[in-house]
Amino acid sequence: MTGPILVALLGHWRRNPLQLFTLLAGLALGTALWSGVQAINAEARASYDAAEATLGEGLFPQIVAGDGGSIPLATYVALRRAGWNVSPVIEGNLGPVRVVGVDPLTAPKGIGPVAVEGADLGAFLTGAGQIFAREEVLATLPDTGAALVITPAAAPNTALMDIGLADRLLGRQGRIDRLIVAQIQPSTRRPLAEVAPGLVQSAPQGDSNVARLTESFHLNLTAFGLLAFVVGLFIVHGAIGLAFEQRRPMVRTLRALGVPLGRLILLMALELAVLGLSAGLVGVALGYVVAAALLPDVAATLGGLYGADISGELTLRASWWLSGLAIALGGTGVAAAGSLLSLSRMPLLASAQPRAWVMARQGAGLAVLSLGLLVLSGGLAVWGHGLMVGFAMLGTLLVGGALALPPLLTLVLRLAEGRARDPVAQWFWADTRQQVPALSLALMALLLAMTANVGVSTMVSSFRLTFTGFLDQRLASELYVSARDAEQAAAIVAVAEPRTNAVLPILSVEAQVAGHPVEIYGARDHATYRDNWQLLRAAPGVWDALARGEGVLVNEQLYRRAGRDLGTAVRVAPGLDLPVLGIFGDYGNPVGQVIVNEAVFARQFPDVRALRFGLRLDPAAVDALRQTLRDQAGVADSAMVDQAAIKALSLSVFDRTFTVTTALNILTLAVAGFAMLMSLLTLAAMRLPQVAPVWALGLPRTRLAALDLLRAVVLAALTGALALPLGLGLAWALLAVVNVEAFGWRLPLYLFPMEYLRLGALALLAAVLAALWPAWRLSRMPPAQLLGVFRHER
Amino acid sequence: MLLSLRDVTKTYPGAEVSVLQRISLDLESGEMLALTGESGSGKSTLLHLMGGLDTADRGVVALDGVDLTPLDDKGRAALRRGTVGVVFQQFNLIPSLTVGANIAFQARLAGRHDPDRVQRLAQRLGLGDHLAKYPEQLSGGQQQRVAIARTLAPQPRLVLADEPTGNLDEATADTVFALMCELVAETGAGLILVTHSERLATRLGRRLHLRAGQLT
């Protein structure tokens with residue numbers, strides 16, 4: 001029995017190839033964007049994990065010098081003798097490559113060459129040594145005499161070697177950067193403070209700093225991918241819904257002929273599963289292409305913004321393409337669930353006619369549902385707390401907005417119809433209104449695409465504006481210099497003081513406030529801070545009070561996470577509680593920050609010496625000072641960064657970010673445009689009975705075609721008009737709710753009218769392109785086809 | 001002469017036999033003609049050629065002395081707007097417009113909209129209470145009356161009716177037919193009625209029969 005049923009079911013697709021193409025293409029495009037974004041995220045995460053494994057961050061506790069400097073070899077030896085099971089690490093840059101030196105004999109399992117399969121420990125330790133890195137990294141290394149071992153699993157832009165070799169290459173003369181603390185330690189070991197008083201131990205971080213820093217970026221990419229997938233699902237839902245409606249008479253006949261309903265539903269589900277898998281395969285392949293095209297820009301963005309090293313090459317991971325297929329299959333299931341459910345409930349003698357009237361009646365229900373969702377979204381925005389509530393708010397806002405589109409369009413078109421005086425105009429508005437139910441899914445897809453565009457571009461542009469303003473505040477000094485040790489720091493001050501307006505030491509120490517990890521900074525009272533720093537909130541006379549040591553400034557993260565509002569006390573050190581005088585924006589920083597006066601800092605942390613300095617001078621004199629610092633204080637070029645270079649780098653990073661978001665914007669709009677094209681093509685055949693009488697009454701085909709084009713523009717424009725407030729709502733939710741809940745800082749929302757106009761023009765163009773082919777076909781339609789509507793045999 | 005056909009021939013693409021072969025006929029203003037024939041004999045095709053809805057392969061179709069053959073799409077559309085009125089068997093009302101807007105539609109396209117005339121026609125055809133409704137809210141007989149009112153509102157010179165009562169029961173068909181003939185007669189327009197019904201055909205002044213694409 002199954003064979004004949006399948007022949008009957010599949011015959012539908014044979015007779016409606018356009019519908020089949022719509023279904024497959026919609027799913028494939030949605031899957032492509034989703035899996036493309038996932039591939040990028042997976043590649044980035046793999047890079048973070050590789051870096052973590054190589055460097056030991058996040059897995060093991062670390063011991064570092066309390067003043068941020070290096071650890072003498074003697075201190076390491078003393079610790080080992082005192083029973084500490086620690087392993088030394090040297091890090092530094094050799095040209096553009098990050099060099100990491102480890103000691104494989106003492107390193108815990110899972111770090112460095114201990115983790116590299118096939119590593120020859122003897123060769124690693126002896127003779128000229130070995131260097132492990134990716135092929136492209138090895139190619140950039142100067143000739144060191146060591147054997148080069150291609151290691152694809154190594155962290156990007158990182159070369160791993162024996163600590164002795166690293167010490168020689170970096171010229172460290174036995175000084176160590178940090179010590180990795182093994183998980184198992186002898187209980188008889190002496191306390192750290194007793195053996196090495198200047199060292200501090202930090203707990204494993206769980207996630208690496210880079211992973212946490214970049215989480216916001218990946219979250220946004222994921223949100224974009226998900227939205228694109230949802231847009232694709234709208235197409236699939238429309239195609240499946242139409243196919244099911246058109247097959248209702250056949251289903252009734254098959255059931256009347258004795259086919260059990262269960263068997264029928266099972267076979268239809270199976271048919272969809274095969275289609276879903278086929279489209280999924282194409283989608284995953286397309287996703288790979290999308291990811292490969294975007295990955296270099298994403299890698300550059302993450303590298304520039306957060307210093308994260310991401311491989312620019314894509315790896316085909318089984319988990320990735322399997323999850324791509326799974327989401328394609330799941331999406332098909334979601335899109336088909338309603339149709340299958342309706343089929344399972346269809347009485348044997350139900351009307352075989354497509355249930356247009358039922359769909360019309362559902363319109364009123366949708367309006368009520370949409371209103372309910374929008375009210376719920378508003379309620380969550382006002383009273384809700386937590387990240388999940390933030391996402392629920394976003395979801396209800398988007399779904400509610402999409403569902404509101406058909407009733408709102410109907411209302412506006414009815415108003416236009418009422419005001420029209422010309423008969424053609426009157427018919428145009430009335431006919432457009434009548435087409436809304438059939439086009440609603442495609443228009444909702446367009447709405448979501450435009451909303452995502454408005455929302456994400458507003459967010460990214462707001463971020464850019466805020467971040468560049470923030471850089472202007474924070475990077476007020478013309479030159480930033482880092483010292484190797486206290487001795488070089490003193491040399492820098494000696495060289496710089498007579499040649500600059502001010503030498504501002506950057507003092508910092510890690511601590512905890514109310515259980516939250518924070519960095520405490522000591523700031524000198526100087527016009528640089530007073531003139532440039534703009535505080536989000538501040539007590540009167542904030543800078544004078546700070547200069548007198550009567551309070552602290554905290555960053556927004558600490559204010560939100562630990563509830564440290566103006567006037568509340570912050571425990572800077574045991575026995576020293578100071579009130580909050582001001583709150584400053586600190587975008588992109590995952591941890592809390594406290595700023596105290598330099599004198600207060602010196603009293604509380606007398607061992608901490610400044611190793612970084614901000615130098616104020618005439619911008620024209622920056623190059624000369626760099627040269628002097630190089631010659632007289634031995635400061636390496638890589639330890640000096642001028643303000644202009646950082647800002648230029650930041651802006652170039654944002655430009656790469658824009659490249660990524662613009663590409664995703666255009667791809668999402670293209671998917672929505674495709675949805676419109678498919679809907680219009682399907683509709684073109686179905687609405688001949690509406691067009692033919694108007695043609696017969698004297699409207700030429702060319703005019704009817706022009707009106708069809710105009711209709712697409714009008715509908716896209718009205719959809720865009722709704723997408724704008726919805727997109728701004730989305731941006732607000734991302735900036736003011738999700739960002740705050742996820743990362744602890746809030747970004748101000750800026751408006752970009754020119755950007756919205758450009759987007760609107762792009763959407764109208766997409767709509768015109770989608771309507772062009774159906775309109776052209778109508779203008780060239782043979783009269784015989786239109787006359788077919790009037791034939792008795794119809 | 002209102003309508004004149006000379007040696008009109010029409011063959012559909014792919015068909016071996018012409019659907020119309022060398023048809024010639026004349027119709028005066030105010031004249032009413034019944035066109036009968038079997039299914040597939042070419043009645044509707046002939047009607048479509050007369051109304052400028054389709055073009056003949058050979059021969060001349062002239063309306064009010066104007067040859068339709070060389071007219072382009074726009075020219076024929078203008079002719080349909082201003083000179084010809086067609087009543088279809090399937091009514092072919094515009095579902096998105098109200099009954100009142102449907103009746104006035106063609107007259108407004110032709111630039112001859114007269115609200116009083118629309119009201120009078122609606123009253124005469126028993127549609128006065130239904131002007132604000134949509135076509136789908138009316139019965140078949142009511143919908144056909146709307147189609148007749150729409151055709152007559154712009155006062156066309158030629159009315160072409162293609163099985164206008166084919167979808168109606170006998171009693172309703174008689175009422176609708178009588179009303180249509182009465183109203184056409186009042187305007188002085190010519191009428192060509194395509195029908196299967198011998199009963200209705202005999203009620204018109206002149207009758208032609210079409211068989212295998214030829215008039216008999």
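Chain B is built from seven helices and ten strands. The model is predicted. Of the 216 residues in chain B, 57% count as buried.

Chain A has 24 helices and 18 strands. Its residues number 794, and buried ones make up 52% of them. Take the contacts in chain A with a separation of 6 or more: residues 24 or more positions apart account for 79% of these.

Next come the salt bridges. Side chains of opposite charge can pair when their charged atoms come close. A search of the whole structure gives 25 salt bridges over all chains.

Start with B:Asp26 and B:Arg6. They form a salt bridge, and their closest N and O atoms are 2.9 Å apart. The pair links distant parts of the chain. B:Asp26 lies in strand S2, residues 20–27, and B:Arg6 lies in strand S1, residues 3–10. The two are 20 residues apart. How accessible are these partners? B:Asp26 has a relative accessible area of 24%, so it is partly exposed. B:Arg6 is partly exposed as well, with a relative accessible area of 38%.

Strand S1 of chain B also holds B:Lys10, a partner in another pair. The side chains of B:Asp54 and B:Lys10 meet in a salt bridge, at 3.5 Å from N to O. B:Asp54 sits in the loop between helix H1 (43–50) and strand S4 (58–63) of chain B. It is 44 residues from B:Lys10, and the pair links distant parts of the chain. Is B:Asp54 buried or exposed? The cut-off for buried is under 20% relative accessible area. B:Asp54 has 7% relative accessibility, so it counts as buried. B:Lys10 is buried too, with a relative accessible area of 7%.

The side chains of B:Arg124 and B:Glu182 meet in a salt bridge, at 2.6 Å from N to O. B:Arg124 belongs to helix H4, residues 115–124, and B:Glu182 to helix H6, residues 170–187. They are 58 residues apart, and again distant parts of the chain are linked. B:Arg124 counts as partly exposed, at 34% relative accessibility. B:Glu182 also counts as partly exposed, at 41%.

Salt bridges link A:Asp431, A:Asp708 and A:Arg711.

Which residues make the contact? From H13(A) come A:Pro423, A:Val424, A:Gln426 and A:Trp427. From H3(B) come B:Ala101, B:Phe105, B:Arg108 and B:Leu109. By class, the contact has six nonpolar residues, one polar and one charged.

Helix H1 of chain A runs over residues 2–15. At 1.5 Å a residue, its 14 residues should span 20 Å. Its end C-alpha atoms are 20 Å apart, so the two values agree. Buried in H1(A) are A:Ile5, A:Leu9, A:Gly11, A:His12 and A:Trp13.

Helix H21 of chain A covers residues 688–696. Why is it described as largely enclosed by the rest of the structure? Because seven of its nine residues are buried. They are A:Leu688, A:Val691, A:Ala692, A:Pro693, A:Val694, A:Trp695 and A:Ala696. A:Gly698 follows H21(A), and its phi is positive, near 120°.

The last stop is A:Gln512, in strand S10 (residues 502–513) of chain A. Its relative accessible area is 54%, so A:Gln512 is exposed. Leaving aside neighbours within four places in sequence, A:Gln512 is in contact with A:Pro517, A:Val518 and A:Arg571. A:Ala573 is 61 residues from A:Gln512 in sequence. In space, their C-alpha atoms are 9.2 Å apart.

Note on methods: Residues are numbered from 1 along each chain as its sequence is written. Chains are lettered from A and ligands numbered from 1 in the order in which they are written. This is a predicted model: local features need pLDDT of at least 70, side-chain atom pairs count only at pLDDT 80 or more; totals for chains, interfaces and linings use all residues. Side-chain values use heavy atoms; hydrogens and water are left out. Contact means heavy atoms within 4.5 Å. Helices (H or I, at least four residues) and strands (E, at least two) are DSSP runs, numbered from the N terminus. Ala, Val, Leu, Ile, Met, Phe, Trp, Tyr, Cys and Pro count as nonpolar, Asp, Glu, Lys and Arg as charged, and the others, Gly among them, as polar. A salt bridge is a side-chain nitrogen of Lys or Arg within 4 Å of a carboxyl oxygen of Asp or Glu. Buried means under 20% relative accessible area, exposed over 50%, partly exposed in between (1.4 Å probe, protein chains only). The expected span of a helix is 1.5 Å times one less than its number of residues.
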